[in-house]
Amino acid sequence: MLDLTFNVNIKPDVVKKVFESIYPQRPIENLTFETLSPEGSASNAVGIFGAKDYFISRKKLDPFICNSSNKMEDIYVSTLDLDPAKILRACVELMEEMRGPRSLPSEKTIIAMPKYRSEFHPSHHSELLKKELLMAFLVLDFILIASNITTQMSMFWYQNVDDAEVLTTKINEVNAENVILLLPSENVNNVIENAYNKSLFTWNRRWVIAPMDGGIPQPPKGHEVDMANVSVLYVGNSEVPLGDIANTMEDKLASDTAHAAKAYIESACNDSLTETHYTGLTGDFDFNNINEPRTSIALTVARGLMKTPKNVGSVVIKDNTAKINGTFNELFSFTNEAIETILKSRKMRIAVVLATPFAMFKDSSKKISEPNSCNIFDLTGMTIDVVRAILDPIGVEYECTCYPVSMSSDSLMSVNQGFADMAVGDFAVLPDLKDEFDFISNFLYFTLAILEKPEITQKKTYLWLFLQPLSAGSWVLILFCSIVVALVLATLNYFSPNNVNYGFYESIFVTFGCLFQGLTVSPPNQWSSRFMLCVWWLFVLFFTVIYIANYAALIMYNGIQSEATGFTGLLVDPSIPFGALPNSVAAAQIKLSNDLEIQKINYLSDKLYSQANERNITIEERVQQVRDGKYRLISDSFTLDYFANKYCLVVTGEYSSQQYAIFLKLNTVYTKYLNGRLTALINDGTIKKITNSYTDQQSSRTCTMPVEKGANGGGHRYTITLSEVGGIFILMLIGIVIAIILSIVECIFARKLMVITTSILQHC
């Protein structure tokens, strides 16, 4: 009886099945096929099929003698206890093929391998001690082979069950462009599932996955990953038909083991071989060297993580070389159609920061305090509209998570860690983020500015605006003065008659005619009337100048906002609280500014008006404080223009210039394509229409404007009150008194002159 024993990676029933089909006329009938553990024993075991030195306790078996004089020692058909260093060499060379000549040496590669440890058994401690010493040299061998990759390289020694989480976190943190997994199948599947949950299978990251036991990795949670930059190395020659066995590593090894068993028995019993060189399912064999027949290892390269492997090439490992068959260096050249296919292959996961007016709920009453799933069709805002304008025509579906503005940094972290594909909100291309993300930008620029409330507002334009340059009291007094002057002229003319009749009706006509600059009259010949008329002309001059100047100013500045205080004004008058919204782009930019004036403003804002207890305040709440005159808000100009036009506030000052941006993970394969679509939308005017819809005032709307207070603490800007023009009425009164005195003098003098004249005429 002959016992053919195998290590635990071989299926004896499959060996028997294949053996009986290829060797029907065998000289030995009583054959037993069984699995033997390394420490096990079998009384009649003769042929041992396993890795060399696998069965340490069975090294001293008696040789097997059949019909010939040949003494058959144990033979060793290599199983998946293959030399990991050779597999690693194949992985490195395959990765170099995938990278191609255009890839940069600055790329980062992570290689994950198990940390080898051997257990100590007293029964064979000397053998294990040798093995431990050998392992120390093998680790060095791994490192030397890994150093052949032409990028920055890190080794990850996998040893614990939870190392899948640690490994995928490390891949994401360093943003590795290349990943090589050389681990047992169980560990590989754990890493794949964890990487899929973090969306690490992206089109800008290459993967070479090689289970050390030669198995085929399973799609994560049953979801296939059909990506050209994921290559799987598994044991097997895809060009050799499987026959009546399963497409598994164990069955392939069992099939090749059956052929080795046939050669073993033929050598012992027939002294001849029916096949000396055999191309098997797991590699090539030379049965002339029956003790170590394997000459090569055959691996198949499959694309993606599929339920049915999509084979695209092969690798043959022989001696210390790995020959790669297939073309892999053109996998990263994508046409626009291919990128559109990528974008439609799964939902676009968007981290939305609810920052008005960039992204907000259509239902303004809806608020959130922590990240929540949301529907893009329930959102509005400038960046939301831009994203949809870019992606909607392609047919992309969306999966959104909404963040409050206080958690904007968390949204960026979700993109960086692979939980989201894109982040939208009030983001800008700031220096500290340029090296960490890709951007869709150039659709709008902004400066930092200040949102303030005007002091007082002016009434709307109306039909009787021409009366507004003077107060009601001023107009009443002017009319009163016109009548009084007419009465005085008429009275003076009565007592001191002029050559031209200045009766009451004529005087009324003269005073109002002069007032409105529409009458030229013959001057009176009496000095009292002349003086009175001169005083009136002076009054009319003052009235005309004041009215024209004030009315012109009123028309010119109607609807225009008051002058900006600017950033310097914040330093001059810090009495009203000011600052940027906590956790906003403006706050970050002010904090990082090297400008001395901005540093002073930031210092004053922090010291005088600390926002330590207002981290969760919203921009709408801040704007309400601005409307109440209790705050001056520093933010980006687009946001402030939106609120200024909505609530008739003032935007002042200007500092720095930045681009708004939509954030993508660094080295995203479709960044250039999306920026190209954005450029097309800019050129056809679509982006301008979107931005204008959030900043333009409606034509039917008239915003109120700031005005200056009068000297009496009330009134409207450019409205002249009695307190400001009372002096000319006093001058008028003084003039009237003087004219009356002159009239009296004229009357007395005229009477005396008349008496004298009468006396002279009587004497004559």
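Trainee: In which sense do strand 16 and strand 18 pair, and over how many bridges?

Mentor: Two strands count as paired if DSSP finds at least two bridges between them. Helices (H or I, at least four residues) and strands (E, at least two) are DSSP runs, numbered from the N terminus. Here strand 16 and strand 18 pair in the antiparallel sense, over three bridges. Ser373 stands opposite Thr401 in strand 18.

Trainee: What kind of model is this?

Mentor: This is a predicted model, in which local features need pLDDT of at least 70 and side-chain atom pairs count only at pLDDT 80 or more, while totals for chains, interfaces and linings use all residues. Residues are numbered from 1 along each chain as its sequence is written, and side-chain values use heavy atoms, with hydrogens and water left out.

Trainee: How many helices and strands does the protein chain have, and what share of its residues is buried?

Mentor: The protein chain has 20 helices and 23 strands. Buried means under 20% relative accessible area, exposed over 50%, and partly exposed in between (1.4 Å probe, protein chains only). Of the 764 residues of the protein chain, 49% count as buried.

Trainee: Is strand 4 mostly covered or open, and which strands does it pair with?

Mentor: Strand 4 (residues 108-114) is mostly covered, with six of its seven residues buried. Strand 4 runs parallel to strand 5 (residues 152-158), joined by seven bridges, and Met113 stands opposite Trp157. Strand 4 also runs parallel to strand 6 (residues 178-181), joined by four bridges, where Ile110 has Val179 as its bridge partner.

Trainee: Where do the buried residues of helix 9 lie?

Mentor: An α-helix has 3.6 residues a turn, so residues three or four places apart point the same way. In helix 9 (residues 408-416), the buried residues are Ser408, Ser411, Leu412, Ser414 and Val415. Seen down the axis, these fall within an arc of 155°, so they line one face of helix 9; the arc is that of the directions from the helix axis to the C-beta atoms. They pack against strands including strand 14 (348-354), strand 18 (398-404) and strand 23 (650-665), where contact means heavy atoms within 4.5 Å. Gly418, with a positive phi near 85°, follows helix 9.

Trainee: How do helix 8 and helix 18 cross?

Mentor: Two packed helices are described by the angle between their axes and the distance between the axes. The axes of helix 8 (residues 382-391) and helix 18 (residues 671-683) come within 9 Å and cross at roughly 105°. That makes helix 8 roughly perpendicular to helix 18, as angles under 35 degrees count as roughly parallel, over 145 as roughly antiparallel, 65 to 115 as roughly perpendicular and the rest as oblique. Among the residues in contact are Val386 and Ile390 of helix 8 and Leu674 and Arg677 of helix 18. The contact residues divide into seven nonpolar, no polar and one charged. Ala, Val, Leu, Ile, Met, Phe, Trp, Tyr, Cys and Pro count as nonpolar, Asp, Glu, Lys and Arg as charged, and the others, Gly among them, as polar.

Trainee: Where is Cys648, and is this residue buried or exposed?

Mentor: Cys648 is in the loop between helix 17 (637-647) and strand 23. At 13% relative accessibility, Cys648 counts as buried.

Definitions and conventions:
Axes are lines fitted to C-alpha atoms, for helices over the stretch in contact, and angles run from 0 to 180 degrees between N-to-C directions.
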